[in-house]
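Subject: Structure handover

Hi,

Here is the structure I promised to pass on. My notes follow below it.

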Amino acid sequence: MKRILTIILLATAAQTALAQEEPFRKRTYIKVNPTTIINELDLYLEQDLSETLSLELGVSGIYTDYPDYVFFKRINIGKENPGISTEQFVEGRGVGFRAGLKWYLVRRNTAIRMAGTYFEPVLLYKKVFYPNEKVTLNSATYENSADKNVYGLQLLLGRQMHRGKFILDPYLGVGVRGKVYTATTHRIEGGAVVPQADEARKYLPSLHLGIKVGLAL
């Protein structure tokens, strides 16, 4: 009799636990990254795909490229930048796009399912436009122009947490990044002013540490 009663109690507890489990439904999350505010504004949109996978898309508005100038001056690997001045770096403007697939390794069983430890590979692309810079040569005015393309792969490990609808998403990781600088400058050769097109390529490892904050919609 005691054995039967024990079985009944265990079955009832299991049914109660299942009944209390929140049903899965796909949700959308919007986030920003305050750790990159020094040179750009990053906005992210994360969409649930399943109980363990989500797609994260991001767009960036770049309003200065000065941090890249500082990094370049401190750690110069490869060919010199092709005639891009400090002022052009400071006034650089651009846009960026990224796409990542989050795989939640340890997931919390809550109404907001995308909470817990995750692994995320990310592809990114950025385009920076440097303002034209006027130079005077042989009593005539010319304009030097430049831009930069950035391609990157990141492998991130993070832990997304929530309190109500408020989201905290700290992460760290490693990656590799390629930068392609192109520029057209003017110089005097043999008494004549000639334009010269230059290109510099840099491929560097990268470290990533930051936090995203946002809301579940």
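How many residues does the hairpin that joins S2 to S3 run through? Four.

Some ground rules before the rest. This is a predicted model, in which local features need pLDDT of at least 70 and side-chain atom pairs count only at pLDDT 80 or more, while totals for chains, interfaces and linings use all residues. Residues are numbered from 1 along each chain as its sequence is written, and side-chain values use heavy atoms, with hydrogens and water left out.

Overall layout

The protein has three helices and eight strands. Helices (H or I, at least four residues) and strands (E, at least two) are DSSP runs, numbered from the N terminus. The order from the N terminus is α-β-β-β-α-α-β-β-β-β-β. There are 217 residues, and 38% of them count as buried. Buried means under 20% relative accessible area, exposed over 50%, and partly exposed in between (1.4 Å probe, protein chains only). The accessible surface is about 12,500 Å², with 65% of it on carbon and sulfur atoms. Those areas come from the Shrake-Rupley method with a 1.4 Å probe; for residues, only the protein chains shown count as cover. Contact means heavy atoms within 4.5 Å. Among contacts with a separation of 6 or more, 65% are between residues 24 or more positions apart.

Two strands pair if DSSP finds at least two bridges between them. S1 (residues 28–32) and S2 (residues 40–48) run antiparallel, joined by five bridges. Tyr29 stands opposite Glu46 of S2. S2 and S3 (residues 53–62) are also antiparallel, with nine bridges. There, Glu40 faces Ile62 of S3.

S2 deserves a look. In a regular strand the side chains alternate between the two faces of the sheet. The covered face of S2 holds Glu40, Asp42, Tyr44, Glu46 and Asp48. The uncovered face holds Leu41, Leu43, Leu45 and Gln47.

S5 and S6 pair antiparallel over 20 bridges. Glu120 has Leu156 in S6 as its bridge partner. The two strands form a hairpin with two residues between them, and Asn138 in that turn has a positive phi of about 50°. S6 and S7 are antiparallel too, over 17 bridges. Arg163 is bridged to Phe166 in S7. The hairpin of S6 and S7 also has two residues between the strands, and Gly164 takes a positive phi near 65°.

Cores

A nonpolar core is a set of buried Ala, Val, Leu, Ile, Met, Phe, Trp, Tyr and Cys residues joined through side-chain atoms within 4.5 Å. The largest has 10 residues: Ile62, Tyr69, Ile84, Phe89, Val128, Tyr130, Ala146, Tyr181, Ala183 and Ala200. S5 (116–137) and S7 are the elements that give two or more residues to this core. A second, separate core has five residues, including Tyr104, Val122, Leu156 and Tyr171.

Phe89 lies in helix H3 (residues 86–90). Phe89 is buried, at 1% relative accessible area. Phe89 and Asp68 are 21 residues apart in sequence, and their C-alpha atoms are 7.7 Å apart.

Rings

There are five aromatic pairs. Rings of Phe, Tyr and Trp (its six-membered ring) pair if their centres lie within 6.5 Å; planes under 30 degrees apart count as stacked, over 60 as edge-to-face and the rest as tilted. Tyr125 and Tyr151 make a tilted pair, 5.3 Å centre to centre with 45° between the planes. Tyr125 is in S5 and Tyr151 in S6 (residues 140–163), so the pair ties together parts 26 residues apart in sequence. Tyr125 is partly exposed at 27% relative accessibility, and Tyr151 is partly exposed at 45%. Ring pairs also link Tyr66, Tyr69, Phe89 and Tyr130 into a cluster.

Two lysines sit over rings. The criterion is NZ of Lys or CZ of Arg within 6 Å of the ring centre and within 35 degrees of the ring normal. Lys102 has its charged end 4.2 Å from the ring centre of Tyr118. For Lys212 over Tyr171, the distance is 5.2 Å.

Pro170

Pro170 is in S7 (residues 166–189). Pro170 is partly exposed, at 26% relative accessibility. Leaving out residues up to four places away in sequence, Pro170 touches Tyr118, Gly158, Arg159, Met161, Gly210 and Ile211. Pro170 and Ile211 are 41 residues apart in sequence, yet 4.0 Å apart from C-alpha to C-alpha.

Best wishes
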